[in-house]
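Subject: Structure handover

Hello,

Here is the structure I promised to pass on. Please open it first, then read my notes below.

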Amino acid sequence: MLESVQRTAPHTPGLQSQVAHLLDCKWHFDTARRKHQQALRASPDDVLTYFHYGLHLLATDAPHEAVAAFASARELNPFSPNLSVMLARAASLASGDPATQSHKPAQLTPPIQAVHKPICIC
(Lines give C-alpha, C1' and ligand atoms only; values in the text may rest on other atoms or scores of the structure.)
Protein backbone atom coordinates (compact mmCIF):
# COMPACT_ATOMS: atom_id res chain seq x y z
CA MET A 1 0.00 0.00 0.00
CA LEU A 2 2.83 2.40 0.80
CA GLU A 3 4.25 1.84 -2.67
CA SER A 4 1.01 3.12 -4.21
CA VAL A 5 1.10 6.18 -1.95
CA GLN A 6 4.73 6.77 -2.93
CA ARG A 7 3.74 6.70 -6.60
CA THR A 8 0.69 8.95 -6.28
CA ALA A 9 1.78 11.32 -3.50
CA PRO A 10 5.53 11.02 -2.93
CA HIS A 11 5.69 14.20 -0.84
CA THR A 12 3.22 13.00 1.78
CA PRO A 13 4.56 14.13 5.17
CA GLY A 14 6.08 11.26 7.13
CA LEU A 15 5.82 8.75 4.29
CA GLN A 16 9.55 8.16 3.91
CA SER A 17 9.91 7.77 7.66
CA GLN A 18 7.16 5.14 7.72
CA VAL A 19 8.80 3.24 4.87
CA ALA A 20 12.14 3.37 6.70
CA HIS A 21 10.52 2.14 9.91
CA LEU A 22 8.94 -0.79 8.06
CA LEU A 23 12.33 -1.65 6.56
CA ASP A 24 13.71 -1.70 10.10
CA CYS A 25 10.91 -4.06 11.11
CA LYS A 26 12.05 -6.38 8.30
CA TRP A 27 15.68 -6.08 9.53
CA HIS A 28 16.79 -4.36 6.31
CA PHE A 29 18.91 -1.90 8.29
CA ASP A 30 21.22 -0.70 5.50
CA THR A 31 18.34 0.21 3.22
CA ALA A 32 16.43 1.64 6.18
CA ARG A 33 19.35 3.91 7.14
CA ARG A 34 19.37 5.48 3.67
CA LYS A 35 15.60 5.92 3.78
CA HIS A 36 15.78 7.50 7.27
CA GLN A 37 18.39 9.96 6.04
CA GLN A 38 16.18 10.87 3.07
CA ALA A 39 13.23 11.30 5.44
CA LEU A 40 15.22 13.64 7.69
CA ARG A 41 16.19 15.79 4.70
CA ALA A 42 12.60 15.84 3.42
CA SER A 43 10.91 16.44 6.80
CA PRO A 44 13.32 18.11 9.24
CA ASP A 45 10.43 19.29 11.43
CA ASP A 46 8.59 15.97 11.73
CA VAL A 47 8.64 14.43 15.21
CA LEU A 48 7.95 10.89 14.03
CA THR A 49 10.82 11.06 11.56
CA TYR A 50 13.26 11.66 14.42
CA PHE A 51 11.49 9.09 16.61
CA HIS A 52 11.72 6.37 13.95
CA TYR A 53 15.33 7.28 13.27
CA GLY A 54 16.10 7.03 16.99
CA LEU A 55 14.58 3.55 17.09
CA HIS A 56 16.66 2.62 14.06
CA LEU A 57 19.81 3.86 15.74
CA LEU A 58 19.08 1.86 18.88
CA ALA A 59 18.43 -1.25 16.79
CA THR A 60 21.75 -0.79 15.01
CA ASP A 61 23.72 -0.26 18.23
CA ALA A 62 24.26 3.48 17.87
CA PRO A 63 22.92 4.81 21.20
CA HIS A 64 24.94 8.06 21.14
CA GLU A 65 23.37 9.04 17.82
CA ALA A 66 19.96 7.89 19.09
CA VAL A 67 20.25 10.38 21.96
CA ALA A 68 20.59 13.19 19.43
CA ALA A 69 17.63 11.91 17.39
CA PHE A 70 15.34 11.59 20.42
CA ALA A 71 16.50 14.98 21.74
CA SER A 72 15.56 16.55 18.40
CA ALA A 73 12.16 14.88 18.55
CA ARG A 74 11.60 16.10 22.10
CA GLU A 75 12.52 19.65 21.08
CA LEU A 76 9.72 19.47 18.51
CA ASN A 77 7.25 17.97 21.01
CA PRO A 78 8.47 18.69 24.55
CA PHE A 79 5.33 17.39 26.29
CA SER A 80 5.48 13.82 24.94
CA PRO A 81 6.20 11.31 27.71
CA ASN A 82 7.11 8.66 25.10
CA LEU A 83 9.87 10.83 23.69
CA SER A 84 11.21 11.59 27.16
CA VAL A 85 11.27 7.90 28.03
CA MET A 86 13.05 6.95 24.80
CA LEU A 87 15.55 9.77 25.29
CA ALA A 88 16.26 8.48 28.80
CA ARG A 89 16.66 4.91 27.54
CA ALA A 90 19.02 5.97 24.77
CA ALA A 91 21.04 8.11 27.19
CA SER A 92 21.28 5.21 29.61
CA LEU A 93 22.50 2.87 26.87
CA ALA A 94 24.96 5.48 25.64
CA SER A 95 26.38 5.91 29.13
CA GLY A 96 26.99 2.19 29.56
CA ASP A 97 24.66 1.90 32.55
CA PRO A 98 24.83 -1.79 33.55
CA ALA A 99 21.13 -1.77 34.44
CA THR A 100 20.28 -1.41 30.76
CA GLN A 101 22.68 -4.01 29.44
CA SER A 102 21.46 -7.41 28.31
CA HIS A 103 21.67 -10.10 30.91
CA LYS A 104 20.60 -13.66 31.43
CA PRO A 105 17.46 -14.25 33.47
CA ALA A 106 18.12 -14.95 37.11
CA GLN A 107 18.30 -18.60 38.04
CA LEU A 108 16.44 -19.67 41.16
CA THR A 109 18.47 -21.75 43.59
CA PRO A 110 17.29 -24.35 44.30
CA PRO A 111 15.11 -24.69 41.20
CA ILE A 112 11.42 -24.69 41.87
CA GLN A 113 9.75 -27.86 40.67
CA ALA A 114 6.20 -27.75 39.45
CA VAL A 115 3.81 -29.66 41.64
CA HIS A 116 0.89 -31.18 39.80
CA LYS A 117 -2.12 -32.08 41.86
CA PRO A 118 -5.18 -33.69 40.39
CA ILE A 119 -8.14 -31.40 40.17
CA CYS A 120 -11.35 -32.84 41.48
CA ILE A 121 -14.59 -31.30 40.42
CA CYS A 122 -17.26 -32.69 42.67
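Let's start with one residue. Alanine 32 has its place in helix H3 (residues 29-42). Helices here are DSSP runs of H or I with at least four residues, strands are runs of E with at least two, and both are numbered from the N terminus.

A word on the source. This is a predicted model, where local features need pLDDT of at least 70, side-chain atom pairs count only at pLDDT 80 or more, and totals for chains, interfaces and linings use all residues. Residues are numbered from 1 along each chain as its sequence is written, and side-chain values use heavy atoms, with hydrogens and water left out.

Back to alanine 32. Is it buried or exposed? Alanine 32 is buried, because its relative accessible area is 0%. Buried means under 20% relative accessible area, exposed means over 50%, and partly exposed lies in between (1.4 Å probe, protein chains only). Which residues does alanine 32 touch, leaving aside those up to four places away in sequence? They are Ala20, Leu23, Asp24 and His56. A contact means heavy atoms within 4.5 Å. Serine 17 is 15 residues from alanine 32 along the chain, and their C-alpha atoms are 9.1 Å apart.

The whole chain

The chain has six helices and zero strands. From the N terminus on, its elements run α-α-α-α-α-α. There are 122 residues, and 28% of them count as buried. Take the contacts between residues at least 6 apart in sequence: 38% of these join residues at least 24 apart. The accessible surface comes to about 8,900 Å². Carbon and sulfur atoms hold 59% of that surface. These areas come from the Shrake-Rupley method with a 1.4 Å probe; for residues, only the protein chains shown count as cover.

How the helices pack

Two packed helices are described by the angle between their axes and the distance between the axes. The axes are lines fitted to C-alpha atoms, for helices over the stretch in contact, and the angles run from 0 to 180 degrees between N-to-C directions.

H2 with H4. Helix H2 (residues 15-25) packs on helix H4 (residues 47-59) at an angle of about 20°, with the axes 9 Å apart. So H2 is roughly parallel to H4. The cut-offs are these: under 35 degrees is roughly parallel, over 145 roughly antiparallel, 65 to 115 roughly perpendicular, and the rest oblique. H2 passes H4 in a left-handed crossing. Left-handed means that the near helix is turned anticlockwise from the far one by less than a right angle; clockwise is right-handed. From H2, the residues Ser17, Gln18, His21 and Asp24 meet Leu48, Thr49, His52, Leu55 and His56 of H4. This contact of H2 with H4 divides into two nonpolar, six polar and one charged residue. Nonpolar covers Ala, Val, Leu, Ile, Met, Phe, Trp, Tyr, Cys and Pro; charged covers Asp, Glu, Lys and Arg; the others, Gly among them, are polar. In H2, the buried residues include Ser17 and Asp24.

H4 with H5. H4 and helix H5 (residues 63-76) pack at an angle of about 165°, with their axes 8 Å apart. H4 is therefore roughly antiparallel to H5. The crossing of H4 past H5 is left-handed. Among the residues in this contact are Tyr50, Phe51 and Gly54 of H4, and Ala66, Ala69 and Phe70 of H5. The contact of H4 with H5 holds 13 nonpolar, two polar and one charged residue.

H4 with H6. Helix H6 (residues 81-95) packs on H4 at about 30°, and the axes are 11 Å apart. So H4 is roughly parallel to H6. H4 passes H6 in a left-handed crossing. Val47, Phe51, Leu55 and Leu58 of H4 make the contact with Leu83, Met86, Ala90 and Leu93 of H6. How do these residues divide? Eight are nonpolar, with no polar and no charged ones.

Two loop residues

Tryptophan 27 is found in the loop between H2 and H3. Its phi is near 65°, a positive value in a residue other than glycine. Tryptophan 27 counts as exposed because its relative accessibility is 67%.

Aspartate 61 lies in the loop between H4 and H5. Aspartate 61 is not a glycine, yet it has a positive phi of about 60°. At 68% relative accessibility, aspartate 61 counts as exposed.

Best wishes
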